[in-house]
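Hi everyone, thanks for coming.

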Amino acid sequence: MKRSPWSALVVLALAQFMVVLDVTIVNVALPDIQQDLGFSASGLQWVISAYTLIFGGFLLLGGRAADLLGRRRVFIGGLLLFGLTSLAAGLAATGEQLVVMRAVQGLGGALLSPAAFAILTVTFAHGRDRNIAMGIWGGLAGLGGTLGVIAGGLLVDSLSWRWVFLVNVPIAIALVALAPVFVAESRVRPAGRRTFDVAGALLGTGGLLAVVLGVIRAEPLGWGSTEVIALLAGGLALLAVFLRVEARSAAPLVPLHLFRSRGLRTSVLALALNGAGFLAMFFLTAIFLQQVRGLTALETGLAFLPMGIAAIVSAVVASQLVTRFGTKPVQFGGTVLSVVGLLLLTRADATGAYVTQLLPGLILFGIGIIATGTPAMIAAVTGVRPDEAGAASGVVNAGYQVGGAIGLAVITTVATSHVEGLLAGGANPQDALVGGFERGLFAAALFAAVNILTALGAPRVRPTADQVAEAAVAA
């Protein structure tokens, strides 16, 4: 049976829409999850971090498995795992169960997302059709991020927080049924033995998990405690072994010679810092709006909507500006706007008007975060050989997810410590939460400010229009 590539695109884009939706939809449900399952203030961030860390840690393994085992096969397997763990997360009876299911859900996303993008690139030939397909793919992904906060608010207010996970189940079932009908199988035929570098994936993810856990445990135990030192030292040791394994592997997950490209080196750092600022801002602001301002989940989602619209507009404009001026000036401008947006948000208090205290910062941050990420991704994939562009894309996407998880751990630790200090000093709970929100966003602004230096050190790449379209969508 001859399959239409455009029918395949519908299946692939809806799957990516579901994955992106899941990143933002959970944030507005966090206060309800905390109250229902008894999360501590510092433990709550693991509902986000468990997903993003495993997602980022296994992205490269997922992409390689898709190439070698069959892209459609891995895509369907990822969908099944994502759907089943979404069901289990929605039925979780304890906080521990929810965090474990979120981690396994991240593994499902790490299988299906790179497989879907690989299918897209082999289904559409380079040129006009591929650019149109990638435009649709990128548009739906951006729409998923924007609609996630609205959908999350509707589900939490009308049903319960559990439905932000359960909503994935019927979507996953439908896509699993449709994929064999509309999506053709494809795979790479390696010249030698098939290898997946499982050791590399386990070492890298284990090392990062240990480092993140060490940062989180530093808040209650102190940086000098034996447990924290052991976690940090063990994590760094695992990462050192990971680099050694990758250097010797015949088929590494991360070809280390890629880092000879200055564009890729600076892009990994830029996107890691971008992920830290974005996840922390979303996490802290969602808590602030509901626990301090008293907004419902739906009202919180609507409060984020202008930022999502600004981000979509920024994606279109940033791509055009990169084509005209190159990556460096656009990336620099985006980082500056991100810093300004975060600093404006730190001025919010418990009673000030949304239009004056929150809206300007959200809009500037929405513009800046995309205007930073788009040129960084473009510089990464245009700074390496064409046959390694996919590997470079995987590296920087993993950097974004893992950097977001680590940054979120650091920033929430800063915010939580400040709240506890204010409470110990006699402040009332609302004032303490406002103080923690301000301190956390200021920490996020510091991460974004480091990105200004990263932008100054980035190369100025002038890609073609086709390279802009492909690289921007890969981001």
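Searching the whole structure turns up 5 aromatic pairs; rings of Phe, Tyr and Trp (its six-membered ring) pair if their centres lie within 6.5 Å, and planes under 30 degrees apart count as stacked, over 60 as edge-to-face and the rest as tilted. Please keep in mind that this is a predicted model, where local features need pLDDT of at least 70, side-chain atom pairs count only at pLDDT 80 or more, and totals for chains, interfaces and linings use all residues. Residues are numbered from 1 along each chain as its sequence is written, and side-chain values use heavy atoms, with hydrogens and water left out.

Let's begin with Tyr51 and Phe55: their ring centres are 5.6 Å apart and the planes sit at 80°, so this pair is edge-to-face. Both residues belong to helix α3 (residues 46-69), 4 residues apart, about one turn of the helix. Helices here are DSSP runs (H or I, at least four residues), numbered from the N terminus. Tyr51 and Phe55 are both buried, meaning under 20% relative accessible area with a 1.4 Å probe, protein chains only.

Next, Phe288 and Phe437: with centres 4.0 Å apart and planes at 15°, the pair is stacked. Phe288 is in helix α11 (residues 262-292) and Phe437 in helix α17 (residues 429-457), so the pair ties together parts 149 residues apart in sequence. Phe288 and Phe437 are buried too.

Ring pairs also link Phe278, Phe282 and Phe304 into a cluster.

Definitions and conventions. Helix = DSSP H or I, 4+ residues; strand = E, 2+ residues; numbered from the N terminus. Buried < 20%, exposed > 50% of the residue type's maximum accessible area, 1.4 Å probe, protein only.
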